[in-house]
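My notes are set down below in the order in which I took them.

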Amino acid sequence: MSCRLRDLIRAVRSCKTAAEEREAIAKESAALREAFRDGDSSTEYRHRNVAKLMYMHMLGYPTHFGQMETLKLIAANGFPEKRIGYLGLMLLLDERQEVLMLVTNSLKRDLNHKNQYIAGLALAALGNICSAEMARDLAPDVERLMEGSNPYLRKKAALCAIRIVRKVPELVESFIDRAASLLNDRNHNVMLAGVSLMLQICESHQDAIDAIYRQHVPTLCKILRQMLSAGSSPEHDIGGITDPFLQVKILRVLRYLGRGSPEASDKMSDILAQVAANVDGSRNSGNAVLYECVQTIMGVESISGLRILAVNLLGKFLANKDNNMRYVALNTLSKVVGVDTQAVQRHRATIVECVKDADVSIRRRALELVYSLVNESNIRTLTRELLDYLVVADAEFKPDLTAKICVLIQRFSPDKRWQIDHMLQVMSQAGQYVKEDACRSLIVLITNTTELQGYAVRAMYRNLHAYQDVADTSLLLTATWCLGEFGEMLLPGAGGPLLEAEPPLAVSELDIVQLIEVVAKKSKADSNVREFALTAAMKLTARLPNQIPRLKGIVEKFWSSIQLETQSRSAEFSRIFHFEAIRPQLMDRMPALDEADHSRNHLGGAEVKPHGAVPAEGHGPLLTADGGGVVLSAGSQAAAAASGTTSNGSSTQAGASGDVASSAAAAAAAALE
């Protein structure tokens, strides 16, 4: 004889190790198998043994050997045995079990039982595990119970019909009208079950919405209005809200019925406004109704005033102390911003504050929303606030925040000087997180804006001089590139007059060369920084002829570098000094690039306002991935093809990085051969 359920639970709880627990379960399983085989459990002990099987199943142990016992309990006459049998059926079996086919007759018999609780057990089991075959066989009985006079059975039949409609969609025709008829039921439970069935039909059958359910919009609105009235149905009151579950379900159904139908949306607009204005949002039950009301307003063809009311509700959610409320508000506003941007803009300050929230999920969602809110009119304010937060943001959050700020600056910059200043500010504060595409875009902007090239190189010099001890690759690369291209504009009177509010800058040729030398010697910098510095030094030989000996020394110091690319550049650049006739042409300034082409190729097709002129004819986008190669004009390339040779008489192969200096040396060697 096996032990009682209480004794089994006590024995399992007293086990100190998993091995002891497995031993106790194995011992009880053996006793149960013996009882099933001998037939000892055919009378008063069967329900107790199935109860123990369910406990073992919840612990994760196999219980397939007791499936037939559950069917025997279902076939019994007493309610206690059927209750355990149906509970075991829902726990121990699922619709994929072949043995489930044997229970169809028992279910059909119990669905017609005089005892409402036995019929309710059968409906509950059918609604949880019925297969498509069982649904086809028993759908007429469920349909009959939905039309009966017993509200208990009508409720359970409607819930069971949800499962039937999911399993066999073609049976929906039998339940469309009956679901709508339950809206007039006086029992809230039946009404809730009917609305749930309507919601399931609306989700899967659009034809039912157009043909039948839209005519029931006034009925649904009437039910909502009754629940909003004071003192209605106190037995269903939850947190001061009358039956919030039913209200939420009705609002969801209204969202389906009003979508794409201005007429239906107009009928429900008054009640939606009443729900938004009258429901108390101080508790979770009220907030649930308000949130669903906002979703419905935004999902139907509502008027602009109603949408503004919904957005204001979301603004209240943002001020809530509960993190879940703020998250769902931000998530909903992200969807609303595409429909009514102006209404969301009113809550911009609160949204920006959410970017500084301690919860990382809220911060990320708020950042995405801020990104959607930015336009030409508020870019200055939002960028300033985001940059202030960038200083104190967590390290794991800075990459996303930095990337968003860079894209916003590029897309909505009010003028070119503002874009240069703020990109430099981002590089100064979070340079290690600035992506290469952002640096490229800034370089393209500077090359296309001739009137700001002097200002840009002066700003780069100040930032590089101030942050030369910091190994932020983006700032070092961009500033070094600008010094190589426009270094001579730093000299007094060479870069044009100072712009408004620009501090004076006194720089000599030696200062420029020394700064390049400091960058080239940085031990903590990325290898690309050293390569850029060598290229800048070589380009400055054409702009600062008095500093050629010192610049040549900088280049030649890296002949023995352990980094192959750095050593290759040093050797090839040093070789160019043997071709003084063409060296100034080889070191000519980089031609302007087409910003539209760069935007399509490197920014994923993002629309960026065009800056500067179109590049001269014959000049293509020559900025390579490493960015440090010397770029030749058309005349320089022709001159390179007619010059010099290498010391060993063989052609020099161009580096895989696309360095144009090595290509020029190869072309010169090939010309002599």
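Predicted model: local features only at pLDDT ≥ 70, side-chain atom pairs only at ≥ 80, totals over all residues.

I began with Leu544, which I found in the loop between helix H29 (527-540) and helix H30 (548-556). Its relative accessibility is 0%, so I noted Leu544 as buried, the cut-off being under 20%. Setting aside neighbours within four places in sequence, I listed the contacts of Leu544 as Glu488, Leu491, Glu509, Ile512, Val513 and Leu551. For one of these, Ile512, I also looked up the separation from Leu544, which is 32 residues in sequence and 9.5 Å between the C-alpha atoms.

I then turned to helix H16, residues 284-299, and checked its length: with 16 residues at 1.5 Å a residue it should span 22 Å, and its end C-alpha atoms are 22 Å apart, which agrees.

Last came the backbone angles. Asp243, in the loop between strand E2 (241-242) and helix H14 (244-258), has a positive phi of about 45 degrees. Ala501, in the loop between helix H27 (473-486) and helix H28 (509-520), has a positive phi near 65 degrees.

Are these two residues buried or exposed? Asp243 is buried, with a relative accessible area of 8%, whereas Ala501 is exposed, at 76%.

Definitions and conventions
Residues numbered from 1 in each chain as written. Heavy atoms only, no water. Helix = DSSP H or I, 4+ residues; strand = E, 2+ residues; numbered from the N terminus. Buried < 20%, exposed > 50% of the residue type's maximum accessible area, 1.4 Å probe, protein only. Contact = heavy atoms within 4.5 Å. Expected span 1.5 Å × (residues − 1).
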